[in-house]
Amino acid sequence: MEAAGTQGSAPVLILYAGGTIGMRESERGLVPADDFAARLERAMSSIPPARQARLPRYTLWESSAPIDSSSATPADWSRLAEHIAAVHEQYAGFIVLHGTDTLAWCACSLAFQLQGLGKPVIVTGSQKPLEADDSDALGNIETALAFSATPGLSEVCVGFGGRLLRGTRARKWYTHDAIGFESPNWPPLGEMVEHVAVLYPSRCHQDRGAPRFELIPPQARSPIVRVPLWPGMQGEALERLIDDDAVTGVLLECWGSGNLPEDPTIIGVLAQASASGKTLVALSQCPVGGVRLGTYASGAHLVDLGVLAADDMTVEAAGSKLTHLKALSLSTDELRRRFLTPLAGESGAFTR
Ligand code: ASP
């Protein structure tokens, strides 16, 4: 356990991408809003001076077109990663202010793109706008700042609700509650205790050494589909979802430890997709634990079809990893090998 959040010499860069944190009311509900620098400064001045003194200096970059993250695409993740990569030597750490709806997807993509960054990237947002009554926004910004220049922290994290979670393990769990996120298969990396950031280093991913950035191109698109199984699912429905040349990867959200119906039509559709070169990935609909293909005979077909097991990855991690690897235009063998290798602490059971 280490106290964190002390002032570093280089400032932290805050990137404001949009989300509820910066939204304002409109006739049609909350909409992204600008002028965030002045609003942030006003809010920060309400933090008691002793607590402000513990936080690092920061510089704010504001997107000229902040978005509701429900419209985010891999192109947005590409722009954020490119920005951080371009200036990474000038800052002690980074904070991304983002909408909560797809925040976990963005955090995963940043983790895959910025491997070896060697500095913290804290992604946060809020359930209520900065100026709303009882807003969680300033508390989350304080949490993010407190962890953003922490020595010993060198991974992409989600800082939310007073906790620090690994970015590649976090999921939006609550629609309204200020806790916001959970990390079902990995314990929190840190937490705020009486407004002081406390890090648990033994839970952190040690990703140091030279940067090994893998930036995805700005025109990157998502060539994948998610297919959750449901009882009574028809092979024809599955075929309509995946038999499309634009779809090159399929996230098959299976039952339990990786089971699917023993329906010859469904298995035939998957065999056809696999034979045509699509990457098939199996993950579990259970939020806790991972898949173990072949535990049951009903899941053994997936092994025969060469389906990749997502282990205990979240759907956000598996989906953004597949999108990431597809965007790098790797050979089939290399893509399969890298999908099965943990790249940013996204898979593998917690044993310590
Ligand atoms: N729809 C919003 C967004 O994701 C929700 C939020 O930020 O909490 O941008």
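Visitor: Where is I179 found?

Guide: A word on the model before that: it is predicted, with local features needing pLDDT of at least 70, side-chain atom pairs counting only at pLDDT 80 or more, and totals for chains, interfaces and linings using all residues. Residues are numbered from 1 along each chain as its sequence is written, and side-chain values use heavy atoms, leaving out hydrogens and water. Helices (H or I, at least four residues) and strands (E, at least two) are DSSP runs, numbered from the N terminus. I179 sits in the loop between β10 (171-172) and β11 (181-182).

Visitor: Is I179 buried, exposed or partly exposed, and which residues is it in contact with?

Guide: Buried means under 20% relative accessible area, exposed over 50%, and partly exposed in between, using a 1.4 Å probe and protein chains only. I179 has 31% relative accessibility, so it counts as partly exposed. Contact means heavy atoms within 4.5 Å. Setting aside neighbours within four places in sequence, I179 touches F160, G161, R163 and Y174. The C-alpha atoms of I179 and F160 are separated by 6.6 Å, with the two residues 19 apart along the chain.

Visitor: What about T20: buried or exposed?

Guide: T20 is buried, because its relative accessible area is 16%. This residue belongs to the loop between β2 (12-18) and β3 (24-26). Beyond its neighbours within four places in sequence, T20 has contacts that include L30, G99, S126 and Q127.

Visitor: How do I read a phi angle, and what is the phi of D35?

Guide: Most residues other than glycine have a negative phi. D35 is not a glycine, yet its phi is positive, about 55°. D35 lies in the loop between β4 (29-31) and α1 (36-44), and at 41% relative accessibility it is partly exposed. D134 also has a positive phi, near 55°. Its place is the loop between β7 (121-124) and α5 (137-148), and D134 is exposed, with a relative accessible area of 69%.

Visitor: At what angle do α1 and α5 pack?

Guide: Axes are lines fitted to C-alpha atoms, for helices over the stretch in contact, and angles run from 0 to 180 degrees between N-to-C directions. Under 35 degrees counts as roughly parallel, over 145 as roughly antiparallel, 65 to 115 as roughly perpendicular and the rest as oblique. The angle between α1 and α5 is about 90°, with axes 11 Å apart, so these helices are roughly perpendicular to each other. L40, A43 and M44 of α1 meet L138, I141 and L145 of α5. For classes, Ala, Val, Leu, Ile, Met, Phe, Trp, Tyr, Cys and Pro count as nonpolar, Asp, Glu, Lys and Arg as charged, and the others, Gly among them, as polar. This contact of α1 with α5 has six nonpolar, no polar and no charged residues.

Visitor: And how far apart are the axes of α9 and α10?

Guide: The axes of α9 (residues 315-327) and α10 (residues 332-340) are 10 Å apart, at an angle of about 150°. That makes α9 roughly antiparallel to α10. A318, K321, L322, L325 and K326 of α9 make the contact with L335, R338 and F339 of α10. By class, these residues are five nonpolar, no polar and three charged.
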